[in-house]
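Hello,

I am handing over the structure below, with notes on what turned up in it. Please read them with the model open.

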Amino acid sequence: MSATPEEDEQQEQVEARVGPEPTEEPEFRPYHHPAAGWGAANSVTRFMVREGALLDGPRAIMRMNHENTGFDCPGCAWPDDTKGLHLDICENGIKHVTWEMTRKRVDRPFFAAHSVTELAGWSDYDLESQGRLTEPMVYDPDTDLYEPISWKDAFELVGRTLRELDSPHQAAYYTSGRLGNEATFLYQLMARELGTNNLPDCSNMCHEASGRALTASLGTGKGTVDLKDWETTDALFILGVNAASNAPRMLTALAEAYHRGAQVVHINPLVEAAATRAIIPHDFKDMATFHATRTSTLNLQPRIGGDMALLRGMAKAILEQSTSDPKALDREFIDRHTAGFEEYRALCEATPWEDIEHQSGVGRADILDVARVYREADRSIVSWCLGVTQHEHGVDTVREIVNLLLLRGNLGREGAGPSPVRGHSNVQGNRTCGIDHRPRTEFLDRLAEVCRIDPPREHGLDTVRTIEAMLRGDVKVFVGMGGNFALAAPDTPVTYEALRACELTVQVSTKLNRSHVVHGRRALILPCLGRTEKDQQRKGLQSTSVEDSMSMVHLSVGMKRPASAHLLSEPAIVAGMARAALPDSETPWEWYVEDYDRIRDTMAQVLDGFEDFNRRVRLPLGFRIKQPARELVFLTPSGRAEFSTAELPDVVPAPGTLALGTMRSHDQWNTTIYSDNDRYRGIKNLRTLVFMNEDDMRERGVAKFDPVDITSTAKDGSRRRLRGYLAIPYDIPRGCAAGYMPEMNVLCALGDYSTQSDQPIMKHLRVTIAPAA
């Protein structure tokens, strides 16, 4: 079914400009320089000058990621250095911190001068670049303005609205990965004491597949390795990760691995800058001599969605080799610790090489080559990010990663195991501390016992189903703790419609963004402290904890005076809403906020692995949550690590169509855009683009910088369209294309989510591309 003109018009209305207004003509020059190095240093310097942070920026940099004396980077979740590095920082982390520390303010005169209708016409870059929010604001529909409101009245508005709902399930409580563990725990406690598990989060859109797959295979939803494993492994296999932008501090680990002779294999449809060479900025000798270190020993480019077939091919090659070389498999490990091996062996033997090559887009010789690298390594780590998970078959692909690791016993020993790369700084901690719409019975039992509440037992709504429920009117209140839900979610016009259908939307934020101008009939903006800022409560300066992507929990202590005297901390905001919504609650909300150690003492009683929390989190580098699978304890039905036997999916695009994946540019963090440049891909002054294979461009009569229309076809047959995007020839497999989120989120229909993980399939959209009409 084709989109109607009205649908196309609606979609074009939500194609708001995300980045700044380009000041020059677009440019594309393929990037051939090392990642990081002087390019990163120059970019950071220009950014700090632009933001007026030449004094505050360097001061913050010297405190960032320092054990127990500084604040944790609010950017990615890469672990802190274990060797006492004093400059454990990266370009995007510095930009993220400088962006937060801006001297610009969004205060009551600003809101009095600009209606919401006017602000809705601004670009997302212009909204965020106005500066820090300074006091609570409430939307007045009569004036179309946000107006000041006291914290007391704001909390009462939230509490009264929640109390008047016919059912607690008519509210949803969203979380981005920026929320600290203590606020997270209070937030989920509030929702469950109110009576709902409607706790959608950003994991529903990024690593839900990883958690479900690892739980099914190993009995744990997290990776089993830590940074020391990265420092000792013989081979690293990196799938679907643009490390130079998404986890830049990983570059240090890649360069060090290459230096010590480890094999570093990157598997990604695009050969990203992190998969070539890098100059590590804190290596002053290399910076002075412009000496770059290789960050890979092999690059493979599967088609979009072809990772599972490539992994199956590696396993098939290992199994074939084992007939003549018994050491190719670790039979002792397989026999003692796994279940389902013979079924998996039979599946691999029955999968023809022709199918593996066709589905992966990689030739047999290359697959045999990467399988040899894996076979010859004594210890291997497989790491992956959203390029693996945001697919229909994301769960099966992550389970195939585990299958491959199990064949050679790459689990439960130093330098080996699965290692998902989480995005936002505390997204893993959010899930650990209770943000889960499908909570475990054991967790709810402990929560009920310790906190003396009766938590609901039925599953709640995830991100996609929350949007659906808002559209139907079944969810009337949306509370967002951080993030920019309106831009981050799929099917942008539908998400906008859903938010506008709410009775009340509440956004807890540091800066103005799209989710403040796409709101419910009533709306609140509640400004909070940033992670760089001092959090003073009744019992003194407070610290918060976060969990990185390798299960290390450590403290973060702000160092800067708050942007406004009217800001509250995230725990204080949660407690204020909770007390107003639950006036008769026996939970000591105010007492908790006086001293976050009290929250941590309660968390220690509820959360597995958090015993003696307050003492252990103050140890150097904090503490690591134990992963049973690392100790070869598998909490699966069989009590063993379980091989999976999923058939290969058909990921080859139909004739005339392409598989399109969305991604971030380099000068971007999630939905925050710092500029219209993408240095590592050679782009300047352009975001509305699509990267294409040159043969695909010729086939469609498209040349470099030609405007094209991109049309996606959803599972239900409906279509969505972006008009006038510029085509860029790029080294990407035939039949594949790529472009930037959040602009391209409009192409992902709300119903286009994985039946395995319920994640939107933003990395595998079916599209047609043609010269612009």
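In this predicted model, strand E5 (residues 137-140) and strand E18 (residues 522-527) run antiparallel and are joined by two bridges. Within that pairing, Val138 has Leu524 of E18 as its bridge partner. Strands of a sheet pair through backbone hydrogen bonds, in either a parallel or an antiparallel way.

Both strands belong to an open sheet of six, ordered E6-E5-E18-E17-E16-E7, with mixed pairing. Strand E6 (145-148) and E7 are the edge strands, each pairing on one side only. On average, neighbouring strands are turned by 20 degrees against each other, direction ignored. Helix H8 (residues 151-163) packs on the sheet and touches E5, E7, strand E16 (477-481), strand E17 (504-509) and E18. The direction of H8 makes about 135 degrees with that of E18.

Thr175 lies in strand E7 (residues 171-175) and is buried, with a relative accessible area of 0%. Which residues does Thr175 touch, not counting those up to four places away in sequence? They are Tyr187, Pro200, Asp201, Cys202, Asn430, Ile435 and Met481. One of these, Asn430, is 255 residues from Thr175 in sequence, yet their C-alpha atoms are 7.8 Å apart in space.

Next, helix H23 (residues 441-451). Its buried residues are Phe443, Leu444, Leu447, Ala448 and Cys451. Seen down the axis of H23, they fall within an arc of 135 degrees, so they line one face of the helix. The face turned away from that buried side carries the exposed residues Glu442 and Glu449. Helix H9 (181-194) and helix H30 (596-606) are among the elements that cover the buried residues of H23. Just after H23, Arg452 has a positive phi of about 60 degrees.

Now the aromatic rings. The structure holds 23 aromatic pairs. Tyr139 and Tyr146 form an edge-to-face pair, with 5.8 Å between centres and 65 degrees between planes. Tyr139 is buried at 12% relative accessible area, and Tyr146 is buried at 4%. Phe610 and Phe613 also form an edge-to-face pair, with 4.9 Å between centres and 85 degrees between planes. Phe610 is buried at 0% and Phe613 at 1%. Tyr139 and Tyr146 also belong to one aromatic cluster with Phe110, Phe111 and Trp122.

Two charged residues sit over rings as well: Arg679 lies over the face of Tyr680, 4.7 Å from the ring centre, and Lys715 lies over the face of Tyr753, 5.9 Å from the ring centre.

Regards

Notes. Residues numbered from 1 in each chain as written. Predicted model: local features only at pLDDT ≥ 70, side-chain atom pairs only at ≥ 80, totals over all residues. Heavy atoms only, no water. Buried < 20%, exposed > 50% of the residue type's maximum accessible area, 1.4 Å probe, protein only. Helix = DSSP H or I, 4+ residues; strand = E, 2+ residues; numbered from the N terminus. Arc of directions from axis to C-beta. Contact = heavy atoms within 4.5 Å. Pairing = 2+ DSSP bridges. Axes fitted to C-alpha atoms, helices over the stretch in contact; angles between N-to-C directions. Phe/Tyr/Trp six-rings, centres within 6.5 Å; stacked < 30°, edge-to-face > 60°. Lys NZ or Arg CZ within 6 Å of the ring centre and 35° of its normal.
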